[in-house]
Amino acid sequence: MLRFEMYQETQGILNSIKNDAKPRDWRWRLIGKNGEPIANGGEGYRNKADCLHGIDLVKGTNASTPVKEV
């Protein structure tokens, strides 16, 4: 089953090791049936609500959504 994962970045690995990592942008990725990522938001969102809105936009696409070759 496809699923969305939403997560918050941390500032960096060194800060994470010191346990004083500061929260950063929210991000999402779409995970395929095989457990591998197949899409991501491509940008970070400062607010969790904005990240959820980005996910909702993707969920709102369907077979009638046009594909444009550029």
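Predicted model: local features only at pLDDT ≥ 70, side-chain atom pairs only at ≥ 80, totals over all residues.
**Exercise 1. Classify Cys51 by its relative accessibility: is Cys51 buried or exposed?**

Solution. 
Step 1. Take the cut-offs: buried means under 20% relative accessible area, exposed over 50%, and partly exposed in between, with a 1.4 Å probe and protein chains only.
Step 2. Cys51 has 0% relative accessibility, so Cys51 counts as buried.
Step 3. Place Cys51 in the fold. Cys51 is found in helix 2. Helices are DSSP runs of H or I with at least four residues, strands are runs of E with at least two, and both are numbered from the N terminus.

Residues are numbered from 1 along each chain as its sequence is written, and side-chain values use heavy atoms, with hydrogens and water left out.

**Exercise 2. Which residues does Cys51 touch, not counting residues up to four places away in sequence?**

Solution. 
Step 1. Contact means heavy atoms within 4.5 Å.
Step 2. With residues up to four places away in sequence left out, Cys51 touches Met6, Trp26, Arg27, Trp28 and Tyr45.
Step 3. The C-alpha atoms of Cys51 and Met6 are separated by 7.8 Å, and the two residues are 45 apart along the chain.

**Exercise 3. Which residues make up the largest nonpolar core?**

Solution. 
Step 1. Define the set: a nonpolar core is made of buried Ala, Val, Leu, Ile, Met, Phe, Trp, Tyr and Cys residues joined through side-chain atoms within 4.5 Å.
Step 2. The largest core has six residues: Trp26, Trp28, Leu30, Tyr45, Cys51 and Ile55.
Step 3. Strand 2 and helix 2 are the elements that give two or more residues to this core. Strand 2 supplies the largest share, three residues.
Step 4. Look at Ile55. Ile55 touches Phe4, Met6 and Trp28, not counting residues up to four places away in sequence.
Step 5. In soluble globular proteins, nonpolar side chains tend to be buried together.

**Exercise 4. How many aromatic pairs does the structure hold?**

Solution. 
Step 1. Rings of Phe, Tyr and Trp (its six-membered ring) pair if their centres lie within 6.5 Å; planes under 30 degrees apart count as stacked, over 60 as edge-to-face and the rest as tilted.
Step 2. The structure holds one aromatic pair.
Step 3. Phe4 and Trp28 form the pair, at 5.5 Å centre to centre and 65° between the planes, in edge-to-face geometry.
Step 4. The pair links distant parts of the chain, with Phe4 in strand 1 (residues 3–10) and Trp28 in strand 2 (residues 23–31), 24 residues apart.
Step 5. Compare with accessibility. Trp28 is buried at 6% relative accessible area. Phe4 is partly exposed at 27%.

**Exercise 5. How many salt bridges does the structure hold?**

Solution. 
Step 1. A salt bridge is a side-chain nitrogen of Lys or Arg within 4 Å of a carboxyl oxygen of Asp or Glu.
Step 2. The structure holds four salt bridges.
Step 3. Start at Glu5. Glu5 bridges to Arg3, with the closest N and O atoms 2.9 Å apart. The side chains of Glu5 and Arg29 also meet in a salt bridge, 2.7 Å from N to O. This second pair links distant parts of the chain: Glu5 is in strand 1, Arg29 in strand 2, 24 residues apart.
Step 4. Join them: Arg3, Glu5 and Arg29 are linked in a network of salt bridges.
Step 5. Glu5 is partly exposed at 23%, Arg29 is partly exposed at 28%, and Arg3 counts as partly exposed at 40%.
Step 6. Go on to Glu9. Glu9 forms a salt bridge with Arg27, the closest N and O atoms being 2.7 Å apart. This pair also links distant parts of the chain: Glu9 in strand 1, Arg27 in strand 2, 18 residues apart. Glu9 is partly exposed at 25%, and Arg27 is partly exposed at 23%.

**Exercise 6. Which side chain does Asp25 join in a polar contact of 3.0 Å?**

Solution. 
Step 1. A polar contact is a pair of N or O atoms within 3.5 Å; within protein, one must be able to donate a hydrogen and the other to accept it, and residues adjacent in sequence count only if both atoms are side-chain atoms.
Step 2. The partner is Arg46, whose side chain is joined to that of Asp25 by the 3.0 Å contact.
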